[in-house]
There are 2 protein chains.
Amino acid sequence: MPEATTIRDTVRDTVRGVTRSSGRGAETRERILDAALSSFGTIGYDGTSLDDLANGLGVRKQTILYHFVSKRGLLGAVVDRSAADLNAALFEVLDGEATDWERVEALVRSVFRVALEQPLLMGLLREVSRPGSPAAPRLKGAMGPLMDRAQAWMEREMDAGRMRRTDAQLVLISAYSTVVGLATEIEVLRAAGLEPTMRTVATRRRELLRFLRASLDPQR
Amino acid sequence: MPEATTIRDTVRDTVRGVTRSSGRGAETRERILDAALSSFGTIGYDGTSLDDLANGLGVRKQTILYHFVSKRGLLGAVVDRSAADLNAALFEVLDGEATDWERVEALVRSVFRVALEQPLLMGLLREVSRPGSPAAPRLKGAMGPLMDRAQAWMEREMDAGRMRRTDAQLVLISAYSTVVGLATEIEVLRAAGLEPTMRTVATRRRELLRFLRASLDPQR
DNA sequence: CAGGGTACTTACCAGATGGTCAGGATAAGT
DNA sequence: ACTTATCCTGACCATCTGGTAAGTACCCTG
């Protein structure tokens with residue numbers, strides 16, 4: 001368990017979120033972030049104890065505080081990194097060559113891919129988008145630019161008549177909550193004893209696309 | 001975990017949990033349940049402190065523990081009462097005279113009415129349908145009969161050819177998660193600075209009905 | 001080899017938390 | 001008047017919480 005920090009991990013760590021000095025501790029830092037994401041996303045922020053988190057990692061609690069100053073700081077870092085992951089996936093599509101309806105479809109597929117590959121991230125989103133969450137403003141700040149960009153694009157499409165004129169923000173939030181709701185749904189399915197299949201997810205995706213088409217397609 | 005208490009206490013608690021002699025303390029008990037529902041549904045179970053809860057009621061923490069033995073006991077009582085409210089609303093429809101598709105619509109409208117009248121209840125559902133929630137099995141037990149009844153009815157309809165044959169449980173869970181997701185959505189809307197309107201809710205309801213029709217209508 | 005920065009730890013703590021225990025007040029039965 | 005049951009409270013406590021302070025071990029640089 002002690003796992004003496006081997007010396008040669010030095011530079012080979014790809015720092016994902018905020019650029020951080022890539023020393024020996026970079027790996028530990030990432031491991032803490034991973035565990036924290038998992039814990040926050042399942043048992044919640046209040047339900048997570050730094051001691052438990054540290055024990056699960058074979059590390060002392062003070063190591064966590066060394067890297068992230070405070071518990072809130074840790075939550076902030078987790079939110080930032082997760083938002084960065086989401087942003088990367090979505091900006092890629094927004095910058096891509098797909099246009100019009102294809103782009104909407106590509107966005108939806110991209111989000112669902114992330115949701116499937118990183119279910120923990122969805123759990124975090126659900127936890128953080130709670131009214132009293134300490135990280136709600138942080139999430140808003142981290143996701144804001146993406147939302148603004150998407151909204152601006154939609155409004156350009158509407159101006160050009162390629163999209164039906166509606167409240168872009170409302171549509172975006174509906175789509176967002178559908179995806180986050182999917183995470184809940186999967187958990188409820190598990191609780192009911194059913195192992196969620198691809199079918200559930202595919203159905204939900206089809207539903208969302210149908211909703212978007214109904215809201216946005218100028219032909220209807 | 002002494003957990004002992006006297007036999008008399010145990011019996012008394014059990015009795016109090018189910019029926020509830022209408023003594024002087026009944027009012028206090030209900031007030032505690034109301035406040036607990038509100039607190040659990042917003043800041044969550046772990047985020048709720050018995051001291052704070054009691055202070056908000058102008059009562060000592062021991063009063064809460066007197067009525068509900070433990071914090072978990074309080075959560076259990078809150079879940080039970082909320083589930084009873086939901087059950088009452090839905091069984092009324094299931095026992096009503098509406099048939100076939102009308103009954104499905106009546107059920108959906110009934111659920112949405114409850115969600116609008118008691119948003120706190122939706123918050124509780126979201127909190128409790130979390131993977132690690134201490135009340136997850138309790139909720140399952142309290143809502144199980146209703147789900148079973150609905151599922152049985154759907155399967156009868158399928159046998160009679162009035163409903164397309166699908167996995168009834170899957171459809172029910174999807175509908176459930178849509179409704180609970182609505183609560184989240186409203187909160188996110190608030191966080192984004194938009195005051196949620198009737199329109200949001202109506203849109204979601206229409207969407208859910210469309211999904212159900214697509215899943216169940218034998219004509220399609 | 002001295003000095004400094006990084007990564008991590010041991011020791012410790014003040015406050016909050018859920019919970020126990022021993023009552024006190026009031027009303028109702030006998 | 002005595003008991004009994006219900007409802008509520010003050011005093012107290014073990015435990016856990018996030019957080020501080022002061023090291024220790026290690027590498028890199030001069």
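What rotation and what shift along its axis superpose chain A on chain B? The rotation is 179 degrees and the shift along its axis is 0.1 Å, with an RMSD of 0.2 Å. That is the relation of a two-fold axis. The superposition is by least squares on the C-alpha atoms of residues with pLDDT of at least 70 in both copies. The same surface serves both copies, since 97% of the contact residues of chain A recur in chain B; contact here means heavy atoms within 4.5 Å.

A word on the ground rules: this is a predicted model, in which local features need pLDDT of at least 70 and side-chain atom pairs count only at pLDDT 80 or more, while totals for chains, interfaces and linings use all residues. Residues are numbered from 1 along each chain as its sequence is written, chains are lettered from A and ligands numbered from 1 in the order in which they are written, and side-chain values use heavy atoms, with hydrogens and water left out.

## Chain A at a glance

Helices (H or I, at least four residues) and strands (E, at least two) are DSSP runs, numbered from the N terminus. Of the 220 residues of chain A, 49% are buried, where buried means under 20% relative accessible area, exposed over 50% and partly exposed in between (1.4 Å probe, protein chains only). Among the contacts in chain A with a separation of 6 or more, 65% are between residues 24 or more positions apart.

Two packed helices are described by the angle between their axes and the distance between the axes. Axes are lines fitted to C-alpha atoms, for helices over the stretch in contact, and angles run from 0 to 180 degrees between N-to-C directions.

| Helix pair | Angle | Axis distance |
|---|---|---|
| H5(A) and H6(A) | roughly 100 degrees | within 4 Å |
| H4(A) and H6(A) | about 125 degrees | 11 Å |
| H6(B) and H10(B) | about 150 degrees | 11 Å |

Angles under 35 degrees count as roughly parallel, over 145 as roughly antiparallel, 65 to 115 as roughly perpendicular and the rest as oblique.

Val114(A), Ala115(A), Leu116(A) and Glu117(A) of H5(A) touch Pro119(A), Leu121(A) and Met122(A) of H6(A).

H4(A), residues 71-95, also packs on H6(A), and these two helices are oblique to each other. The residues in this contact include Leu75(A) and Val78(A) from H4(A), and Leu124(A) and Val128(A) from H6(A).

In chain B, H6(B) (residues 100-117) packs with H10(B) (residues 198-216), and the two are roughly antiparallel. Residues that meet here include Trp101(B) and Phe112(B) in H6(B), and Met198(B) and Leu212(B) in H10(B).

## A proline in a loop

Where does Pro196(B) sit? It lies in the loop between helix H9 (168-191) and H10 of chain B. Pro196(B) is partly exposed, with a relative accessible area of 21%. Pro196(B) and Ile186(B) are 10 residues apart in sequence and 6.1 Å apart in space, C-alpha to C-alpha. Leaving aside neighbours within four places in sequence, Pro196(B) contacts Ile186(B), Leu189(B) and Arg190(B).
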